[in-house]
Amino acid sequence: MLKYADYDIVFGEIPDEVTLAINIANCPNHCPGCHSPWLMDDIGEVLDQQALEMLIEKYGADITCICFMGGDIAPKELEGLSIYIHQNHAPIKVGWYSGRDKFATNITLTNFDFIKIGGYKEEFGPLKSKTTNQRLYRINADGSMDDLTYRFQK
């Protein structure tokens, strides 16, 4: 079961999008130096279609994207929420910030518009660092991917 700890409207997580970033609890990755260590705990409210509806109703046309920050504990459940958003709230896009170093193998990538992979490794830095191990991809309808990581690096 997915739970979310909090959420916020952000402008820097997905390029060119006004994003509702939803912080998912129960992170199994436990990255050393994690900037949100409280998200490793079993906290928050259930994240399901009803919770999404409440958030979408609250922000409506003010957002162009919803990004799940975490969710590695239940990729298939997260994918189901992405499908729900696409079917019921197009043209809102969906992103996923995964802390895993590889794409989840039990999901269909094209059910997301953006996926960031790579756990935080202090020695490589965050997305804005030219040495980062993390990558943000735009997932195209044909399954091809565009690496957008350079957009964070100035």
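Predicted model: local features only at pLDDT ≥ 70, side-chain atom pairs only at ≥ 80, totals over all residues.
Let me start with the aromatic cluster, in which ring pairs link Tyr 4, Tyr 7 and Tyr 59; here rings of Phe, Tyr and Trp (its six-membered ring) pair if their centres lie within 6.5 Å, and planes under 30 degrees apart count as stacked, over 60 as edge-to-face and the rest as tilted. Residues are numbered from 1 along each chain as its sequence is written, and side-chain values use heavy atoms, with hydrogens and water left out.

Across the whole structure the search finds 4 aromatic pairs. One of them joins Tyr 7 and Tyr 59, whose ring centres are 6.2 Å apart with the planes at 75°, so the pair is edge-to-face. This pair links distant parts of the chain, with Tyr 7 in strand S1 and Tyr 59 in helix H1 (residues 49–59), 52 residues apart; helices (H or I, at least four residues) and strands (E, at least two) are DSSP runs, numbered from the N terminus. Another pair, Phe 103 with Tyr 137, is tilted, at 5.7 Å centre to centre and 55° between the planes. Phe 103 lies in the loop between S5 and strand S6 (114–117) and Tyr 137 in strand S7, so this pair ties together parts that are 34 residues apart in sequence. Tyr 137 is buried, with a relative accessible area of 18%, whereas Phe 103, at 22%, is partly exposed; buried means under 20% relative accessible area, exposed over 50% and partly exposed in between (1.4 Å probe, protein chains only).

Turning to charged side chains, the count comes to 7 salt bridges, each being a side-chain nitrogen of Lys or Arg within 4 Å of a carboxyl oxygen of Asp or Glu. Among them is Lys 93 with Glu 17, whose closest N and O atoms are 2.7 Å apart; Lys 93 sits in strand S5 (residues 93–97) and Glu 17 in the loop between strand S1 (3–10) and strand S2 (19–24), 76 residues apart. Glu 17 is buried at 8%, while Lys 93 is partly exposed at 30%.

How far apart along helix H2 are Glu 79 and Lys 76? These salt-bridge partners, with closest N and O atoms 2.9 Å apart, are 3 residues apart in helix H2 (residues 75–89), so about one helical turn separates them. Glu 79 is buried at 3%, and Lys 76 is partly exposed at 46%.
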